[in-house]
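Thanks for coming, everyone. I'll keep this brief and take the charges first, then a sheet. Please have the viewer open.

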Amino acid sequence: MKTVEELPSKPEVLLELENVKKYFPIKGGVLKRVVGNVKAVESVSLQLYKGESLGVVGESGCGKSTLGRTILGLEELTDGKISFDHQEIQDLSRKEKKKFVKEMQMIFQDPYASLNPRQRIGHALDEVFKMHTDMSAGERKDAVLSLLREVGLKPEHYDRYPHEFSGGQRQRIGIARAIALNPSFIICDEAVSALDVSVQAQVLKLLKTIQEKYNLSYMFISHDLGVVRYFCDRVLVMYLGNTVEMSDVSKIFNNPLHPYTKALLSAIPRPTVNAKRERIRLVGDMPNPANPPSGCPFHTRCPIAQEICRVDKPAFVEHEKDHFAACHFAG
Amino acid sequence: MATAETVTVKEKKREKYYVTTIRRLFKNKLAVAGLIIVILQILMAIFAPMITIHDPIKQNLASSELPVFSEGHWLGTDNYGRDVWSRIVYGARISLVVGIVAVSLGLIGGVVLGMLAGFYPKLDAVIMRIVDLLFSFPGILLAMLIIAILGTSLVNVAIAISIWSIPTCARIVRGSVLSIKEKEYIMAMRSMGASDLRIMARHILPNATAPIIVFATMRMATAILSTASLSYLGLGAQPPTPEWGAMISQGQDFMWSSPHLTIVPGIAIMLTVFAFNVLGDGLRDALDPNMDLQQ
Amino acid sequence: MAQRLLEVNNLVTSFRTSEGTLQAVRDVSFHVDKGETLCIVGESGCGKSITSLSVMRLLPSNGSIESGEILLNNEPLQNLSNEQMRKIRGNKMSMIFQEPMTALNPVLTIGYQLREPLMLHHKVSKSQASKQSIELLKQVGIPNAEKRLNQYPHELSGGMRQRVMIAMALACHPTLLIADEPTTALDVTIQAQILDLINDLKEKLDMGVLMITHDMGVVAEVADRVMVMYAGKKIEEGPVEEIFNNPSHPYTIGLLNSVPNVDDPEFELEPIPGNMPGLNEQISGCRFHPRCKFAMDKCKVVSPPDFEISKGHSAKCWLNEKEGEKDENSGRVAVEA
Amino acid sequence: GGSTIPEGEQGSDSNAEPSASSGENEIIYASTSDAVGLSPTMTNDSVSSNVMTQIYENLFERNPETMELEPKLAESYENTDELTWVIKLKEGIKFQDGTPFNAEAVKYSFDKLRDPATGAPRASLLEPVDTVTAVDETTVEIKTKYPYGPLLAALSHSNAAIISPTADEKQDLMQNPVGTGPFKFVSWEQGNQIVLEKNADYWDGEVGLDKVTFKIVPEISTAISMLQTGEVSFLDALPPEQISRIEGLENVEVTKQEGTPVYYLTFNHSQERNQNPDFRKAVASAIDRDAFVEKLNGLGVRSDSVLGPKVFGYNEEADKAGTPYDPELAKQLVEENGFGDEPIKLLAANRDNFVLMAEIVQSQLTEAGFNVEIEMMEWATFLDTARSGQYDLTFLSWSNVTSDGSEMLYPNFHSDNVGNSNRAQYSDAEFDKLVEASRTTVDQAEREKHLHDANMYMLNNDVAVVMYHGLVTSATDNSIKGLKIDPNGQWSLKDVTRE
Amino acid sequence: MVALIIRRIFQLAFLLFGISFLVFSSMYIAPGNPAAIIGGPTATASDIAAIEANLGLDDPFLTQYVRYVSNAVQGDFGYSYQTSQPVAEAIAVRFPNTLKLAIASMVVAVIIGIITGLISALRQNSWLDASATTFALAGISIPNFWLGALLILIFAVNLQWLPVGGLSSPFYTIEGIKQLILPAITLGTGSAAMIARMTRSSMLEVIRADYVRTARAKGVKERDVIWIHTLKNAMIPIITVIGLNFGFLLGGTIITEKVFAINGVGRLMIDAIAARDFPMVQGSVLLVATLFVVVNLLVDIIYTYIDPRIKYD
Ligand SMILES: Nc1ncnc2c1ncn2[C@@H]1O[C@H](COP(=O)(O)OP(=O)(O)OP(=O)(O)O)[C@@H](O)[C@H]1O
Ligand SMILES: Nc1ncnc2c1ncn2[C@@H]1O[C@H](COP(=O)(O)OP(=O)(O)OP(=O)(O)O)[C@@H](O)[C@H]1O
Ligand SMILES: [Mg+2]
Ligand SMILES: [Mg+2]
């Protein structure tokens, strides 16, 4: 397992987000005017290095998937900058973006739902090459077969439909599709959440192997903190569209600064019997992202909230080396 | 030590796509019956001269309105003494072709409109109002317009009937598209950089076939029946050319004296529609890759 | 000794499919006592849900119980008429389903769905049922309960929906609660809330809980006893401490090694190689042997019986064969020894 | 029913109930379409005139038996010269609204019809009239622009009925008619029914019925079912396909009598091919009209004559004067002249018996070696197409309201009307002369001769091939007595009673 | 909801504008001159010219159209060329009949269609399912005139239970109901067929849904499982088909109206087209278009009651 320290002294930045915002307009009235916004991603800034895995965790609905989709351009960016390989990509035309499509891919949470049920998987993979390369039919078939082999499937799977695979195999197909064009960056949106533990372990292994082979970067969205700890180099914690903490995986798990991170960690069920734990109970539900609370977005549920938290929104600052957090009382 | 490769997974030998479809189709008894009827009808149309003794347009006023099972005319004769069996057999040539062509054209129009409306929310209101407009525009007026502008060929009959099918088809397709486009595999295709056209044609359409098949097969009946009203206006097959719809509508006058003049072509249409329906149902199931799972 | 609540003996459940009749549950026996939680774990598709659905007699239309016995409070369920069974469901015995998103009816209000079991089984008036529903929602920790009654499932968050499901299952104070992966796909904070809730209620109502999950963390947290299934069979059963501390079947060991350990950064995953066999696959001997790194010749031929490891802990694996028993079980091996 | 029921409630009256209201002194007539309107000036269709005939009356009317024109509202007439007609009116007649019937009313009616500002569809009926003068209360003098023989016949046309001037000024007669006839208008529910009631003050004897309902039943077979169940009591214009069914009904009496409608095949005479006498002869001899008439189940009269037996100008000699059916001759002519090479477009309107004629004639012509294609059309398109001469052969029909031969030959075949009512596009100087003579002669015997000559001229030249002459038919409930139908299909209900 | 309605009304205005132009120009292009029809076969050129002048048909196309639209906007839909009756009045007389018939046949169609659809979905692939399918196919292949005539023969002529035709009695009287029965069955059969097929397929889609199983797990009675938990979820496509059919029926149905001597909008329109009675055609087409939009709007609103997830804003 790598840690940031083991990476080359100056890790090369692959993806950089600056104040990325994604609002979903709420339309109303006769003329369908915008009457409000769901602030799915309020403000996210980060740097992602070549060859690293960045875990993204946070409560359901906090904007993890939206962030991922926005980076890929599947959702229109509301504000901010996205640079990939030192080039700003948010304003590119569809055509110009096409070359970045090859570089950035996504593995979806539900492998079954993300495959066309009426398309044989061989054809599904073939289609990727068809869209982005000039290969002949024969070359494409060879490419698909070697892809299948790469993710541990067999040539005879070429003609099968998605439903004829087990969950783990389906996720392998999703991975095959994502790596088909040799991307340098893959977003895994809860890519292993739907798999049971033994299959999940297989898939995680596979993802690691591929990463080492191609020096890939992952953005790994998950709610399973065990998996994040195992798989990721750094972790980003989100709450209500905001980044609340980011650091190396060991720092986050051993020395969390933000009360939300602490609550999150305390809630992890440990697969060991009688491990009595002190769980920090969060009261109430996550606030409505269309109408976020003033000040610190977490203050409504924070066990250590003070008056200042209601008023001032804490900045996302580096409290220790490479350890960022947005809390007035961090530490 | 066992590895993934040595697992004893018994691989089914993969067959070609169409072989699978056909094998599944043949498992469905009703669909097979439908297929047989369709094939028989097509053969009947092709080999019409060989399976009839009478000329379908040859009149014999002296032996008109013979009932079924008369000597020499097992389905009787019509008002002009023409052999009903011959007319049914030859009529298949026009009725089947017009029915199939008209329904296909209507499907193309309806699918394109419905697909665009469902896929692009901005086009939705515009297209759906155009569809409303097509729906409210009287069919006869449309036929007259086609006669005036395009003339009276059989192709134009198919056009007229297909335009009648467009609004319903468009609405049905739009409904399906609205739900399919929210599926995750569509999002996945987007993330792969697939064009809208590819997504619509290769990923949404194949998954919207079920209601389309139901609609299309039901529509066959209406299409064949409407041919009659159009030839009555002078559009398309003119008398004495045999054609099922026209046979029914002409037989209407003789419903009391010779009911077989309407019942026989009526049964012919019903058989066709029945055949296409069960075949369509069977085909839908056979094309559905999940069928094996669902028993 | 605790009171026996549910007893399942030699259950066999099969499906009619285009490939013939397939057995999804193969000769499974287990029991749940009052005030006890039994967890069923195992790989996806191993028959966990089908086992629980067999108990509820809610199998899909092409499935049926081929043989075996299911006793609730010592009363055999399979002899009951549909109408009698209906009166038990939701009343004495209720179930939380795997998918919180799809298990609630999207077109009926939360209130309607909550009132339904109360009005059906306890014959209370509508307003009485509403009052009780509000109580239930409060119990499962949903704020603003009065308002929620008039909302539809899609207006609630995933965690709230799952809690509604639980409230519904608990409405008539069942003696047996079956929970099929109640927390999969929920984030940890919500998951923790729900597990706490079930535990509290179990204690309060002396309810028996049959929980299905593949999350070993959840198992460790809630289970009293654990049953491990593989490919339709029960392969190991025992008290939770035994299973975690002394797993006796290679599959159980593999399962535990597949779970990343949050607290141990140096932990290395050891996935079980290969895939679970399909229902239609013929495998002789132990069904796990193709994936088992300890597989012996015997495993490929003879299917192992239950071996008792300690009191209440048994496993179906030849590795646990005790010297003294070998003769009884297999002459061939005895000769070798 | 009766006059005590206020108008407004009439619509929802239980008149659809079978036996209850078609009882005592009421009859219900089923019509396949609605009247266009009830003003003689503004309408020109047979359904409207069926209703109007009960409400309005003319100066003259043709006696259905003798075919003579007899005075109705008129007392007598005389020609002071060829151009002047002095008509004496009956006295003491009142319109249904109380307005007295007099010379002014006659002048008003005729002038209204002739006035271009009115836009009357049948204004041409009185086109030859120059002036109409009310000489005194009971005397009208009509001057024509040229000697006009068919004037009295024209005056017997339902469009020349006399309307009440006061009513016409006060209300729209289309919706609310007032005449001198035996029945008064009660109500009209558009598309459903028209109700008339007895005119208690009728000038010419007692009216037999209390109430008459014209019910619209578009589907003839439905109308027959209603006749069978007693929901209606009277149908006319029975179609040949249904005649056997109607005749099989026990409670129904069917009458058939000769009438004026004539159905014929005509050539488009503006076309070169059709101007070849051999071509026309070949066509005429290829058509077996006897076989066709057979198909009409007794509802057609076979005669070659263009002017039918009930039309003024008819002479028995014309019955057999047409080119006879001779398939051999036809084949021979076709072969010799290559008539079968070019396709022939046989235009047919999609109504009445035209489709039947087209199918049979097409078959017979094909037999003879012609290459004929039927082209069917909806009525309005047909009218346009035929009028502008875009066809080779077509079928036309003519129902002669005034039963006067000139009224047939002039509009349909005189060169004056080519491109209009002369849809055969026939233009022949010699023929024109004969027709003109029949119109401008006042002496009726002489007129008859001219008409016969014109008729024979057409037959000798195969100008048109007459398919059949229509019968006027009716089917009535057995309880209805005294119904008389005149040869142009119109009937008066004045003497009808129910038993 | 209000917003949806207002938006649809805006769209309706444009739709009506478009369709009136379309109808106007097609009537103009199609052969057949209303004046010639009014004049009849005997009319001379001068007769026809006089009629044309009287009706304003001698004006150029655009003048006629603009005149029509500007009158129509002020609520004046003109007078019939044929009968010179106000178009609005003529339609007002007929529409109640069409409405009665449409509602009655829809009731028949919905009852028969949903019940047969349910039966065949619940007994999928049984002989009951096969007979329901056959019934549906027969329903759509039988020409209306044939079914109508058959029903008349049996129930009106032979048994004399019901009247042959007409629709003159008010619908709330026994007589009025009797008059509606046969035409409603004749007309409803086709729609019933479509509804049955749709009910079957959409029931099959939801009948295995998890929430149906949930309902059973709660011990809900089988009847309620079908009618409340399942059918309501399957209703969206069924409602779509019902809406389409109802819209179609409101446009009037020529053959049934003819066979049963019903004075409805369908016959009015067909007669008007045959007579090239422009104002009448316009009026009835605009009515049909409006009704169709209203029905679709209703369907969309019903959607939101059936499925609370559907929102239009
Ligand atoms: N298309 C959309 N329109 C409006 N709001 C949306 C849309 N997509 C997402 N949202 C809202 O944005 C917020 C963030 O959603 P997102 O799917 O990114 O959450 P998430 O962190 O991925 O949650 P989960 O863990 O449940 O997947 C949520 O409140 C969601 O309701
Ligand atoms: N209706 C059905 N017809 C045929 N086979 C079925 C049917 N339902 C389930 N099965 C099969 O039965 C086996 C057991 O399924 P079950 O749902 O019990 O698995 P599970 O252990 O609950 O898995 P998961 O963890 O994914 O929920 C699976 O192989 C499945 O494919
Ligand atoms: Mg997400
Ligand atoms: Mg399960």
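Start at Glu206(D). This residue is exposed, because its relative accessibility is 61%. Keep in mind that this is a predicted model.

What does Glu206(D) pair with? Its salt-bridge partner is Lys198(D), and the closest N and O atoms are 2.9 Å apart. Lys198(D) is partly exposed, at 22% relative accessibility. The cut-off for buried is under 20%.

Next pair, still in chain D. Glu247(D) and Lys256(D) form a salt bridge, with 3.1 Å between the closest N and O atoms. Lys256(D) comes out at 37% relative accessibility, so it is partly exposed. Glu247(D) is partly exposed too, at 43%. Asp78(B), Arg82(B), Arg87(B) and Glu359(D) are joined into one network by salt bridges that share partners.

How many salt bridges does the structure hold over all chains? The count is 60.

One of them is in chain A. Glu59(A) and Arg301(A) meet through their side chains, at 3.0 Å from N to O. Where do they sit? Glu59(A) is in the loop between strand 3 (53-58) and helix 1 (64-72) of chain A. Arg301(A) is in the loop between helix 9 (259-266) and helix 10 (307-311) of chain A. The pair therefore ties together parts that are 242 residues apart in sequence. Are these two buried or exposed? Both Glu59(A) and Arg301(A) are buried.

As background, side chains of opposite charge can pair when their charged atoms come close.

Now like charges. Go back to chain D. Glu75(D), Glu91(D), Glu104(D), Asp136(D) and Glu137(D) form a negative surface patch. Patch residues have no salt bridge, by the criterion used here. Take Glu91(D) as one of the members. Look for it in the loop between strand 5 (84-89) and helix 3 (103-114) of chain D. Glu91(D) has a relative accessible area of 66%, so it is exposed.

Compare that with Arg423(D). This residue also belongs to a loop, the one between helix 14 (406-413) and helix 15 (429-440) of chain D. Arg423(D) is buried, because its relative accessibility is 3%. From Arg423(D) to Glu231(D), the C-alpha atoms are separated by 41 Å. Along the chain, those two are 192 residues apart.

Last topic: the sheet in chain C. What is the strand order? It is 2-1-4-5, in an open sheet of four strands with antiparallel pairing. Why do strand 2 (20-33) and strand 5 count as edges? Each has a single partner strand, so one side of each is left without a neighbour in the sheet.

Walk through the pairings. Strand 1 (residues 4-17) and strand 4 (residues 63-72) of chain C run antiparallel over eight bridges. Click on Leu6(C): its bridge partner in strand 4 is Leu72(C). Then move across to strand 5 (residues 75-76) of chain C. Strand 4 pairs with this strand in the antiparallel sense, over two bridges. There, Leu71(C) stands opposite Pro76(C).

What lies between strand 4 and strand 5 of chain C? The two strands form a hairpin with two residues between them. Asn73(C) is in the turn, with a positive phi of about 50°.

Over to you for questions.

Methods: Residues are numbered from 1 along each chain as its sequence is written. Chains are lettered from A and ligands numbered from 1 in the order in which they are written. This is a predicted model: local features need pLDDT of at least 70, side-chain atom pairs count only at pLDDT 80 or more; totals for chains, interfaces and linings use all residues. Side-chain values use heavy atoms; hydrogens and water are left out. Patches are made of residues with over 30% relative accessible area and no salt bridge: like charges are joined within 9 Å, nonpolar side chains (Val, Leu, Ile, Met, Phe, Trp, Tyr) within 5 Å. Accessible areas come from the Shrake-Rupley method with a 1.4 Å probe; for residues, only the protein chains shown count as cover. A salt bridge is a side-chain nitrogen of Lys or Arg within 4 Å of a carboxyl oxygen of Asp or Glu. Lys and Arg count as positive and Asp and Glu as negative; His and the chain ends are not counted. The place of a charge is taken as NZ of Lys, CZ of Arg, CG of Asp or CD of Glu. Buried means under 20% relative accessible area, exposed over 50%, partly exposed in between (1.4 Å probe, protein chains only). Two strands pair if DSSP finds at least two bridges between them.
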